[in-house]
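Visitor: Could we go through some helix packing together? Please show me the model.

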Amino acid sequence: MAEHSTTLHKTRVDLEGLMKVLGDHLYSTPMVAVRELVQNAHDSCERRRIESGAGFEPRIIVLADPSAHTLTIEDTGAGLTDDEIRRYLATVGAGYTRTLRQREAEPEVGSNSLIGYFGLGFLSAFVVAERTEVWTCSYQQPELAWRFVSRDGQTYTLETGSPRPVGTRVTLHLREAHRALANPLAVRRLLIRYACLLRHPIFCPLDVSMVASGLGLAEGDAVNAEPPPWRDDRELAPLRRRKLALEFAGRFESDFEPLCTIPIGDASDQPEVRGLLWIQDATTYGSSDNRRVWVFVRGMMITDDARELLPRWAGFVGAAIEGLGLTPTASREDLQRDGAYDRAAAQLLDALVEGLGQIASEQPATWRRILYRHNEALLGAAICDARLFALIAEQATIPTSQGDLNLTRVLERSQGKIYVSQAQRGGFEELLFRALSVPVVQARRYGALAITRRWAEQRGVPLVMLGTERGEQALFRRVEDHELESGAAEGLRRAFAAEDGGEVEVVLSRFAPAHLPFVLVPDREVELKQRIEADDADRRISTAALGLARLFTQTIAAGPPVRLHLNLDCRVIAQLGERLGTPERATAAAGALGLLRPLVALLSQTDEQQRYMSSEAALTQICELAERLVASAP
Amino acid sequence: MNIWAWVRETNARLRRGEPNAQRLAQLIDELPTAAVNEAHERVDSMVPEALALARELDEPWVQLFVRHWNLQSRVLHRRSAGDELREAVSLLDFASGTQTQACPQSVCAVQDLAVCYAIRDGPGYVPERLAVAQETLTRIDPSWGCFDCISAEYVSALLDDDKPEQALAFIDRQAKIAAEHGELEPGFNSRLNRARALTLLDQAAQALEIVDGIRDPAHYGRSRQMAHRQCRVAILLKLGRVDEALALHPPLSAIIDTGGHLRDWVDNVAGLIDVGAVANTAQLGRDLLVIQRQFFASSAYWDTARTALTGARLAAARGARVVTRLLLDEVDAARGQLRRPELLAAGRREVEASLATLERDPISIEPSDDPERELDRLAHADTQDPDPADHLLARAAALREIGRADLARTLLEATSAAHGEVRLELARTLLAAHDHAALDQLFVDEAHDDDLHWLSLRWVLGQSLRERGLLERAIDLDRATLARVPEAYPIRLRLAEAARAHGDWATALDALELAAPSVPPGTVDWDRITAATVLGRWASVRAAMARLGLEIPGGEPDAPITARLGAIRCEFIEPDGERQRCWAVRTSPCGARVIEISLPTDPQHFRDQVVFEPSDLDAHLREQAQDDHCPCFEVVAITEPGDTRAFLLRGHDPGPAAFEQLREQLRDRDYGFERITSAGRTAADPRVDANADPEPPQLPTVAVLIAIPNATDPAELRELLRVTTAGWELPLLAPALDEAAGAMEASERATAMLQRWRP
């Protein structure tokens, strides 16, 4: 029998396959290459500062050459020796920055100024370039320069290069699909956003010849010349500071102008996150979501869509933040959802809410504009945060039947109650609130009901919900028979009974407005009871579910599903009552009844009307009455 | 049909439609996410609109979807089954109609109804819940999204019935059916319920494995993430890993807004107290009471009774006798709503026994900061003496401190007739609770109030009237109060403020005049000036100015003050709530005349004589603007309307000489005139055909506003303009003026020319 032995093997890596996977799937967009290479250049400058001390002028120049289809990033950083080229540049996953970062704990090395971590940044070059050239000269061997060339990242050539100053120049010969990166204006716009927080000046001239001709680049030309507002410790007038903040915010919005800004994090303490919020100057709706959050970590832009850091109601807010505690994912295009992330979100929420409060008290014109632009969204926001509720509830406007009004004004016009309608079109509620001379809150609009309800509860103001049983009780005050002349109540009920014994209860009430003689009101609970308890329900609804439903409907008192409320505050009804109470005077009321009864049906536009009288019958009766009037005229 | 496939298709279809449909698509996209992520306020904000749009667009399936997710938020997550039960029955009815039967969401309406009953009295409705779930499961298969949910409801019923073994067996059965159908991954609900059943069967270690196997609970939404967390707390407690359980146990603030988490929280906190990890304090008693009340308000009667019983047990454990008794009474009240109240009998007997033991111990007679001890002390004191007023107030205060403001109020109401200070305390309590109707009732018979409390009571009533916006009644009340107690200056000042808000300037000024001598200069004097200016009482204006040290213009004391005190801006609040700012000349400390002509589309205030609130709305800009600062004041009254209307004219700028001639003509008629475009503005010559000449010559243009009295016939202005501009190269166009003068054809021609020319 053959003996079997166990041997140890090493797992192999298909470099081509790995490069393809990493290149294709690690980065979501070719613009990331610009970010990565600028970041490398920045780290190289930092390395030179850390390792060789002061005495050099750090700068990074990004040149996009549309005629040559190249993108070049040049720096005056530490450069690389040939050994370092082999160990760090040409080895995927091995970045010098990580080694250097491990020394960051040493006080003399300095603070968290290095960006890169995973050693994958240079890989991005091969995604966009068909050929990548690197010229470099290390501060450690300033007399030697090297030239590295690679087409696909899997193989490369390395030779001594012509003497050059200390630093590195990377030239990407762009693939056809990525030649947009050779557009200087586009690249400059990108850098204005991506690199605005980097410490070392970054230049991106629109004219390549400026550099080629040896013309100096002034410090003020750097894309990151102006510090972000939260790092700007110059003595500036408040108006100027506000203007600069608006300009900074304006860089990040392509669709909306910023209306005003709110700082995040106080310079005097050590907040987790610092940055700037801004309110967009564009009208939004309640559920619009134009949140835009740009996140920078260690000075480099990680993502422009961390919208979840803002609350959902902030659909009209943008932000740019930097957070030391935030951790990027491997691709450095997103953030890890950890405790630091949650704290950052909490900080942004507090800054936004407090900032809005400050704007309301210190910049009333701006606050009014915010209210005007984002009224509906703010209604929703007010429901989600008690502080915002206190700020907004009185000032935002609510849609009502008399236009958009704030709640104080609604209350003033409503005699101490607030009326709310969730009515469907054509229901009795619509008739009623058209007749009422008070504003009725349109609850069908975003946020209107929720905020009105809470505001009213806080003030003990009664809320009358049209279309509900409680609303009905609040609107219609029942009149007892004994409050009327003898026979009047019975007479009215008889006179206004439904046609053909229809299921309508005639109820004597008093309600506003006095010029409305009656209202036909469905009892939706009784209607529901009738439908659920009908035989037909057994065919539609499964047995056990129906059983549960009937447990509920059995608690509803049986009765007519429609009520006709006669308004005793209306003079004609009161007079009719007086006449109908005595038989000898009742006939005098016939003419009036002939007009009023059909009107009951015609004023209602839904099914309730049909229970009382059909439209045909109503119109017929009116015409007959009109004929009699014509005939009786002299 | 898969519900989410239908949602996606419907969404895509609506997004291709009109703006209303697109908005509806946006709302139905957001609703489920908001519900499962506990953004219930957003659900409340979105549902009315979504429903109205779905009805308007005649989308019954979408209506069903919206109503179901509304109930999911309210019932499943917030555990509310009050009005929601009616809505659930109504939805079941709607879902079984011919229009909606085929909608995949119609099955879920059954779940909503079943869960309502589970909330009201879970153990009491076990047979019905099981029957409903079983019946529904026969209609669906594991490919339906609600298979896991309906199965979970079945399991929940079994657990409420204290049958964890059966629950486990059912879960296994359902898992097998799902696997055979190709659904190999158990659902979230299934896994969590399995863990719960195992915990109840003292197999906590296995339960922990199950919950830890759910790698990313956040993926299932915030609500499930919290359910997972609390389940883990319960398991860790069972395993005796108390420190870990305590560290994971969420604060009440994290879950108070979502009723679905409260029961687990109560059970866990009680468990932590029992092992000594959390202190059993009066504050915790308050927290449990808040939860109990929330359950009751949600019609969750079983949970109300359970929580009250837990609260009573813990109250007895910390020696709070009165509180324990109160809670036992509440257990009894809640049990009345339950079908199987006997399930709580044993627990109740244990607490009763603990209380009996407590009551045998002597009570300290020393006052205490602990409200529970205070209540026990005062209850004992009551047995020795009849209720003196100070005891009543102390009891009311202690009741409020333990979260029993309702009982405090009842106590005060029962005893207010006998004691003035109790009545006052009651009034304050009612005001704080915004119970204005009860407050009105309290004042029906105030003749018995002694003076000491009478004034304070009136103060409270006045605040109530103001809060309700009943300013007339508030004014009448304060007037009557001052008639009896004229030196009540706070009331006089309040009267002035209310009268101002109500537009009763005379009353306001009278009150301020009477108050002024008793308060330091500057306290009320600006308000006096404002009110007096509205009323034209210039002697009062001068008197107040003197107190403020302002320079008083010469003339008779009663003569109006009409100086020119510089340019300001006035901000008008228009009837529709919009604000408009206009330039004005200040004519007195609080008066101005508007000199700016508003656009014809805006309310017109040209030449209005106004009174304003002398508080600069732009004070915060003063520092930056320095000398250039122009204050802006809010207008409170228009004493003399300018009574003008404005017309906008646009056209060719004829040059300074011709322009000045026009201006003079208008000035002679006392019309208002204002140029609103700057020099240098040009437009292409309208006489040149743009097609023929790609670069037509540019002509200077101008836009002006002219204001005329409302009583003036617009035809007069039109004629004046015709004559004055007859020699101009091109006319000034004013289609609105033409129309107002009845020259419709000219108006149409002018409109057409403006559209072409755009000067």
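Guide: In this predicted model, helix α16(B) passes α17(B) in a left-handed crossing, meaning that the near helix is turned anticlockwise from the far one by less than a right angle.

Visitor: Which residues make the contact of α16(B) with α17(B)?

Guide: Among them are B:Tyr301, B:Ala305, B:Ala308 and B:Ala312 of α16(B), with B:Leu327, B:Val331 and B:Arg335 of α17(B); contact requires C-beta atoms, placed from the backbone, within 7 Å. By class there are 12 nonpolar, 3 polar and 2 charged residues.

Visitor: At what angle do the axes of α16 and α17 of chain B cross?

Guide: They cross at roughly 160 degrees and come within 8 Å. That makes α16(B) roughly antiparallel to α17(B), the term for angles over 145 degrees.

Visitor: Next topic: how do α19 of chain A and α6 of chain B pack?

Guide: Helix α19 (residues 543–553) of chain A and helix α6 (residues 106–121) of chain B pack at about 50 degrees, their axes 10 Å apart. That makes α19(A) oblique to α6(B).

Visitor: Which residues meet there, from α19(A) and α6(B)?

Guide: A:Ala545, A:Leu548 and A:Ala549 meet B:Val110, B:Leu113, B:Ala114 and B:Tyr117. This contact of α19(A) with α6(B) has 7 nonpolar residues, no polar and no charged.

Visitor: What about numbering and confidence?

Guide: Residues are numbered from 1 along each chain as its sequence is written, and chains are lettered from A and ligands numbered from 1 in the order written. The model is predicted: local features need pLDDT of at least 70, side-chain atom pairs count only at pLDDT 80 or more, and totals for chains, interfaces and linings use all residues.

How values were computed
Axes are lines fitted to C-alpha atoms, for helices over the stretch in contact, and angles run from 0 to 180 degrees between N-to-C directions. Helices (H or I, at least four residues) and strands (E, at least two) are DSSP runs, numbered from the N terminus. Angles under 35 degrees count as roughly parallel, over 145 as roughly antiparallel, 65 to 115 as roughly perpendicular and the rest as oblique. Two residues are in contact if their C-beta atoms, placed from the backbone, lie within 7 Å. Ala, Val, Leu, Ile, Met, Phe, Trp, Tyr, Cys and Pro count as nonpolar, Asp, Glu, Lys and Arg as charged, and the others, Gly among them, as polar.
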